[in-house]
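Student: I would like to go through this structure term by term, setting each value against the definition behind it. Could we begin once the sequence and model are on the screen?

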Amino acid sequence: MERTCILLLLLSTLVYSTLGQSGDISLPASLSVSPDRSQFFEYESVSLSCEVQGNSTGWRVVRNSERGILSECNTDWGKQQGSSCNVSLIPSDSGVYWCVSGSGEHSNAVNITVPAGAMILESPALPVTEGDSLTLRCRYPGTPSNLTADFYKDGSLIRTETTGEMTIPAVSKSDEGLYKCTNSEGESPESWMTVTDLSLSDLSLPASLSVSPDRSQFFEYESVSLSCEVQGNSTGWRVVRNSERGILSECNTDWGKQQGSSCNVSLIPSDSGVYWCVSGSGEHSNAVNITVHAGAVILESPALPVTEGDSVTLRCRYQGTPSDLTTDFYKDGSLIRAETTGEMTIPAVSKSDEGLYKCTNSEGESPESWMTVTAVPVLSMSLPRLLCSLLVGSPYLLVTIILLVKYCRSRAQGGTRKTHQDQLGDHVEEE
């Protein structure tokens with residue numbers, strides 16, 4: 001009984017922590033497609049909209065064309081209206097589309113194909129959820145449009161339909177794959193259909209951007225190496241940025257030198273901006289903010305998130321001599337400490353240390369930089385620390401555990417009384 005109760009307590013704790021953490025990795029915006037199709041005939045129109053939780057100001061639609069050109073709506077394609085983009089399509093508009101904010105946040109990516117031929121497969125551009133009903137249509141622009149069609153998945157014929165459309169009453173993960181159709185007039189391009197099962201694993205980022213040295217501020221003419229660390233093959237991944245002037249571009253254009261999936265940059269002030277990695281299919285990494293200061297003082301603080309419990313040292317650097325001047329450190333605009341060595345150490349950072357930092361000394365003031373603190377992964381915590389952090393964070397979990405403890409105690413007391421009664425019964429029978 002005691003083991004069962006302990007398992008119940010751990011299970012309730014882990015379920016809560018998993019659900020609690022799932023929101024931390026959800027995307028801040030989603031790209032909607034109207035009509036929701038991945039293939040279009042030439043000269044048809046599509047509306048692409050950035051649906052954002054909160055204020056959508058500063059969000060815009062970007063694309064990576066089949067020719068590998070990264071650009072944003074309202075340049076040489078599309079018409080931007082707020083956070084939406086309306087496109088009258090031609091074959092060169094085929095590519096991967098997504099939303100991006102000024103701070104480098106991004107949405108899901110959607111693949112759109114505009115063939116020059118006479119056949120398309122009407123399949124959803126956006127993921128479909130397990131259990132939903134789905135209809136695929138083989139469209140021909142002539143008359144009749146509903147010719148008998150063969151439907152293929154991953155290169156194999158799966159069904160022939162005289163109506164030109166195929167319905168899957170309840171899609172499952174096994175229906176995910178590459179679809180196309182053929183009829184007497186020709187063959188459609190292939191399109192990938194994604195089926196989501198709402199699992200947490202679908203929300204994790206496929207790549208991470210590393211920064212060497214790990215700093216968010218640099219002096220002019222210093223160098224930084226930005227690398228895309230990918231699970232599996234990194235081919236096709238590249239570093240892109242949104243500059244402080246709002247110009248979206250990729251490494252090896254007018255800045256940086258691309259080497260594989262890394263980008264080496266000799267920095268000047270116009271290189272200040274938000275950097276991230278993107279693949280040819282529109283997948284993306286975390287975003288990192290880098291500031292290049294033309295002044296005499298910078299704050300050396302980590303560009304990447306730090307984990308709760310880690311030791312972090314912030315350094316106020318002066319380009320001249322001596323470099324270790326007495327320094328005042330500020331967080332969120334308030335003085336927090338003065339150090340004669342020019343550096344400040346936080347032995348074990350916590351979530352309360354997250355914020356906007358800067359430093360000042362007799363030679364000047366650094367720009368401000370945000371330091372992000374991430375929670376310790378649940379499964380790497382000790383049990384006492386895990387329970388304490390979760391109990392503080394959720395009164396609902398606390399009530400659940402109290403009820404479980406009461407249940408365990410009542411069962412234990414019931415078991416003791418039953419044992420005592422059995423012993424009395426045995427004693428009576430002996431008499």
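Student: Why does E165 count as partly exposed?

Tutor: The relative accessibility of E165 is 31%, and the classes are buried for under 20% relative accessible area, exposed for over 50%, and partly exposed in between, with a 1.4 Å probe and protein chains only; E165 therefore counts as partly exposed. Please keep in mind that this is a predicted model, in which local features need pLDDT of at least 70 and side-chain atom pairs count only at pLDDT 80 or more, while totals for chains, interfaces and linings use all residues. Residues are numbered from 1 along each chain as its sequence is written, and side-chain values use heavy atoms, with hydrogens and water left out.

Student: What is the mean pLDDT of the protein chain, and where does pLDDT stay under 50?

Tutor: On pLDDT, the predictor's confidence in each residue from 0 to 100, the protein chain has a mean of 81, with 79% of its residues at 70 or more. The value stays under 50 over residues 1-25, for which the model has 32 contacts beyond four places in sequence, a contact being heavy atoms within 4.5 Å. Over residues 388-396 the pLDDT is likewise below 50, and that stretch has 9 contacts beyond near neighbours in sequence.

Student: What makes R137 and E165 a salt bridge?

Tutor: A salt bridge is a side-chain nitrogen of Lys or Arg within 4 Å of a carboxyl oxygen of Asp or Glu; for R137 and E165 the N to O value is 3.2 Å, so the pair meets the rule. By this rule the count comes to 22 salt bridges. R137 lies in strand β11 (residues 134-139) and E165 in strand β14 (residues 165-168), 28 residues apart, so that the pair links distant parts of the chain; strands here are DSSP runs (E, at least two residues), numbered from the N terminus. R137 is also partly exposed, with a relative accessible area of 36%.

Student: Why is E300 called buried, and what is its salt-bridge partner?

Tutor: E300 has 14% relative accessibility and therefore counts as buried. Its side chain meets that of R215 in a salt bridge at 3.9 Å, N to O, and R215 is buried as well, with a relative accessible area of 10%.

Student: What makes β28 and β33 edge strands?

Tutor: They belong to an open sheet of 3 strands in the order β28-β30-β33, with antiparallel pairing. Two strands pair if DSSP finds at least two bridges between them; β28 and β33 (343-346) each have a single partner strand, so one side of each is left without a neighbour in the sheet.

Note on methods. Helices (H or I, at least four residues) and strands (E, at least two) are DSSP runs, numbered from the N terminus.
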